Amino acid sequence: MISHREVPADATIKEVVVKQEPTGEWFAVLGIETENGAPPKPENPEKCVGIDVGILKYAHDSDGTAVEGPDLTDERERLERAQRDLSRKDHGSANYEKQQRVVARRHADLKRKRRDFLHKLSNYYAREYDLVAVEDLDAKGLMELPSNSRNRAGAAWGTFLRMLEYKCDREGTHFVAVNPRGTTKECSKCGVETEKPLWVREHSCPSCGFEADRDLNAAYNILSRGFDQVGVVHPDSMPAETALPPGTVAVPAERVLETGSPVLSEAVRPSRAG
Ligand SMILES: [Zn+2]
């Protein structure tokens, strides 16, 4: 048996739900209650994650995991073919109506696959972590997109956040939606802001020299705002192990911070001493 998390000492177990996932795995979910009703404060920083729901990649988290969206090429092609067939039928004919239903089914296939992916992704984060920090849904990231993809990306983002919040609630995981202002521009080590157009994929701080993938830097900022919001003391360094949800692609951060690295000592130690 794998225990995904410790039951905190001050918690009362209220219910136990045993369930089987479509994958065949069994889970026992303990419903717990603490004194103030909120989930217990996360104590292990390694069980806390910040997620940057990105634009070029689907999501990039503070553990260095980059998750790509599902490959919908086949579903899209099938939908387009069905739509082309529809355009060749006589409007209003029996064949036309029949083909309309085919188009509707292809739309549904596409939607199902996308939702299935979002379900798996949100399950993964809600189960593996005690605290999940994301950016509050706003227009920031969406404004960087060409207008024709804006609505679709916005809808998927909203769906993902709703699923994640619901699942975190169910699993007793803190869900924190943080202020998204400047998470990409801000250096996660020293806080200095630099302008960064979308095509600049690397964060390279002119002030402290910290370098990281653009989205990883943003994920660090999101996590650190999450810590602030819940009132958790920031750990000495941000989590840096790579954790892999099944069926996702990991792109390890090119430069992952380790405790005691020159960059970290420069950036963190003076402020601690002072
Ligand atoms: Zn910096």
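**Entry 1: Ile51**

I started from Ile51. Setting aside neighbours within four places in sequence, I find Ile51 in contact with Ala59, Asp61, Tyr125, Val132, Val134, Ala219 and Ile222. I note that this is a predicted model.

I then looked up the core. The largest nonpolar core holds 38 residues. Ile51, Tyr125, Val132 and Leu164 have the most contacts inside it.

**Entry 2**

I traced an open sheet of five strands next. The order reads β5-β4-β3-β6-β7, and the pairing is mixed. β5 (66-67) and β7 (174-178) each have a single partner strand, so one side of each lacks a neighbour in the sheet. These two stand at the edges.

I looked at the pairing of β6 with β7. β6 covers residues 131-135. Five bridges join β6 to β7, and the two run parallel. Val134 stands opposite Ala177 in β7.

**Entry 3: helix α5**

Which strands does α5 lie across? I find that α5, residues 214-230, lies across β3 (48-53), β4 (59-61), β6 and β7. The helix runs at about 130 degrees to β3.

**Entry 4: helix α2**

I compared the span of α2 with its expected value. The helix has 35 residues and reaches 51 Å from its first C-alpha to its last. That is close to the 51 Å expected at 1.5 Å a residue.

I listed the buried residues of α2: Phe117, Leu118, Leu121, Ser122, Tyr124, Tyr125 and Ala126. I kept helix geometry in mind: an α-helix has 3.6 residues a turn, so residues three or four places apart point the same way.

**Entry 5: Arg162**

Is Arg162 buried, partly exposed or exposed? I find Arg162 in helix α4. Arg162 has 13 C-beta neighbours inside 10 Å, so it counts as partly exposed. I also took a distance to Ser122 in α2. Arg162 and Ser122 are 40 residues apart in sequence and 9.3 Å apart in space, C-alpha to C-alpha.

**Entry 6: whole chain**

I closed with totals. The protein chain has six helices and nine strands. Of its 274 residues, 29% count as buried. Among contacts with a separation of 6 or more, residues 24 or more positions apart account for 62%.

Notes:
Residues numbered from 1 in each chain as written. Predicted model: local features only at pLDDT ≥ 70, side-chain atom pairs only at ≥ 80, totals over all residues. Pairing = 2+ DSSP bridges. Helix = DSSP H or I, 4+ residues; strand = E, 2+ residues; numbered from the N terminus. Contact = placed C-beta atoms within 7 Å. Axes fitted to C-alpha atoms, helices over the stretch in contact; angles between N-to-C directions. Buried ≥ 20, exposed ≤ 12 C-beta atoms within 10 Å, placed from the backbone. Core = buried A, V, L, I, M, F, W, Y, C linked by C-beta atoms within 7 Å. Expected span 1.5 Å × (residues − 1).
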